[in-house]
Each structure stands twice: as structure tokens, then as C-alpha cells.
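Please look at the sequence and the 3D structure below, and keep both at hand while reading.

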Amino acid sequence: MTVRVGQLMHVYRDMYEEYEKRHNNLFPKMREALKDAGAHNYSIFLDKETGNLFAYLEVDNVEKYNAIAQSDDCKKWWAYMEPIMDTNEDKSPVTLDLHEVFHLD
């Protein structure tokens with residue numbers, strides 16, 4: 001069963017281009033981990049007025065997707081991204097999970 005995931009994050013105003021550049025060059029092991037976890041239709045949108053990011057993805061296996069956060073490759077990615085966005089103490093992005101209220105196939 002595919003689960004749709006929506007999340008909010010925040011990138012620093014002077015780092016918009018760098019954020020996009022880094023995602024256009026996503027670490028190959030992160031790309032592989034996401035694909036292996038069944039993540040697809042993954043997009044991140046930027047509100048240039050506020051620096052707010054909206055991430056949308058579909059996940060075939062939520063447990064496998066969530067397990068990525070425990071991997072060394074994910075922790076390296078977080079450390080790489082930490083200087084350009086709001087993060088938690090463990091360098092993971094500050095993320096607000098959104099509740100889906102409508103979907104049209």
C-alpha cells in the first residue's frame with residue numbers, strides 16, 4: 001500500500017540556490033536508500049518569500065523508509081545539509097509532518 005507523505009521544512013534565505021544544487025547532486029547512496037525503501041514521486045517545493053519547503057513523496061514501505069534515518073549515509077547527508085537549513089540537535093532537518101485531508105486520483 002502506497003502512503004503519501006507531506007512535510008514542511010525551512011531553508012535559510014541566502015541558501016536557496018545551494019539547497020537546490022545539493023539536491024540536484026543527491027549522494028548516490030541516499031538516492032539508492034530512498035529507492036530501496038520504495039520512495040517515489042518525491043518532490044520538494046520552495047516558497048522563496050519565506051524559505052519554507054514543502055516535501056511530497058509516496059512510500060511503499062513506511063517502516064523501511066523511516067529506517068533510513070538510522071543509516072550512516074543519511075546521517076552524512078544531514079551533516080552536509082545542516083549549515084543551510086533549520087535542523088535538530090542530531091542534524092536532522094526540523095520537519096513538520098502534515099496530515100492529508102484531501103486526495104484526488
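Asn41 is partly exposed, because its relative accessible area is 48%, and the scale used here calls a residue buried under 20% relative accessible area, exposed over 50% and partly exposed in between, with a 1.4 Å probe and protein chains only. Asn41 belongs to strand S2, where helices (H or I, at least four residues) and strands (E, at least two) are DSSP runs numbered from the N terminus. Although Asn41 is not a glycine, it has a positive phi of about 50°. Most residues other than glycine have a negative phi. Lys91, which is not a glycine either, has a positive phi of about 75°; it lies in the loop between H4 and S4 and, at 38% relative accessibility, counts as partly exposed.

Before going further, note that this is a predicted model, in which local features need pLDDT of at least 70 and side-chain atom pairs count only at pLDDT 80 or more, while totals for chains, interfaces and linings use all residues. Residues are numbered from 1 along each chain as its sequence is written, and side-chain values use heavy atoms, with hydrogens and water left out.

Gly38 is found in the loop between H2 and S2, and with a relative accessible area of 14% it is buried. Not counting residues up to four places away in sequence, Gly38 touches Glu58, Val59 and Asp60, where contact means heavy atoms within 4.5 Å. Gly38 and Asn88, by comparison, are 50 residues apart in sequence and 25 Å apart in space, C-alpha to C-alpha.

The next element to follow is helix H1. Which residues of H1 are buried? They are Tyr16, Tyr19 and Arg22, and because these buried residues fall within an arc of 135° when seen down the axis of H1, they line one face of the helix; the arc is that of the directions from the helix axis to the C-beta atoms. On the other side of H1, Glu17, Glu20 and Asn24 are exposed. The cover over the buried residues of H1 includes S1, S2, strand S3 (52-59) and H4. Arg22 counts as buried because its relative accessibility is 13%, and, leaving aside neighbours within four places in sequence, Arg22 is in contact with Trp77, Tyr80, Met81 and Ile84.

Helix H4 can be read in a similar way. In H4, Cys74, Trp77, Trp78 and Met81 are buried, and they lie on the same side of H4 because they cover an arc of only 100° around the axis. The face of H4 turned away from this buried side carries the exposed residues Asp72 and Lys76, whereas the cover over the buried residues of H4 includes H1 and H2.

Aromatic rings give another view of the fold. A pair of aromatic rings is described by the distance of the centres and the angle of the planes. Rings of Phe, Tyr and Trp (its six-membered ring) pair if their centres lie within 6.5 Å, and planes under 30 degrees apart count as stacked, over 60 as edge-to-face and the rest as tilted. By this rule there are 4 aromatic pairs. The rings of Phe27 and Trp77 have centres 4.9 Å apart and planes at 85°, so this pair is edge-to-face. It links distant parts of the chain, with Phe27 in the loop between H1 and H2 and Trp77 in helix H4, 50 residues apart. Phe27 is partly exposed, with a relative accessible area of 28%, whereas Trp77 is buried, with 7%. The rings of Phe45 and Phe54 have centres 6.1 Å apart and planes at 25°, so that pair is stacked. Ring pairs also link Phe27, Trp77 and Tyr80 into a cluster.

Finally, the largest pocket has a volume of about 1200 Å³. Of the 43 residues that line it, the closest to its centre are Gln7, Met9, Tyr42, Ile44 and Tyr65. On a 1 Å grid over the protein atoms alone, a pocket is an open set of points where a 1.4 Å probe fits, with protein on both sides within 12 Å along at least five of seven lines, and lining residues have an atom within 4 Å of a point. Grid points are joined across faces, edges and corners, and the volume is the space filled by probe spheres set on the points. The largest share of the lining, 8 residues, comes from S2.
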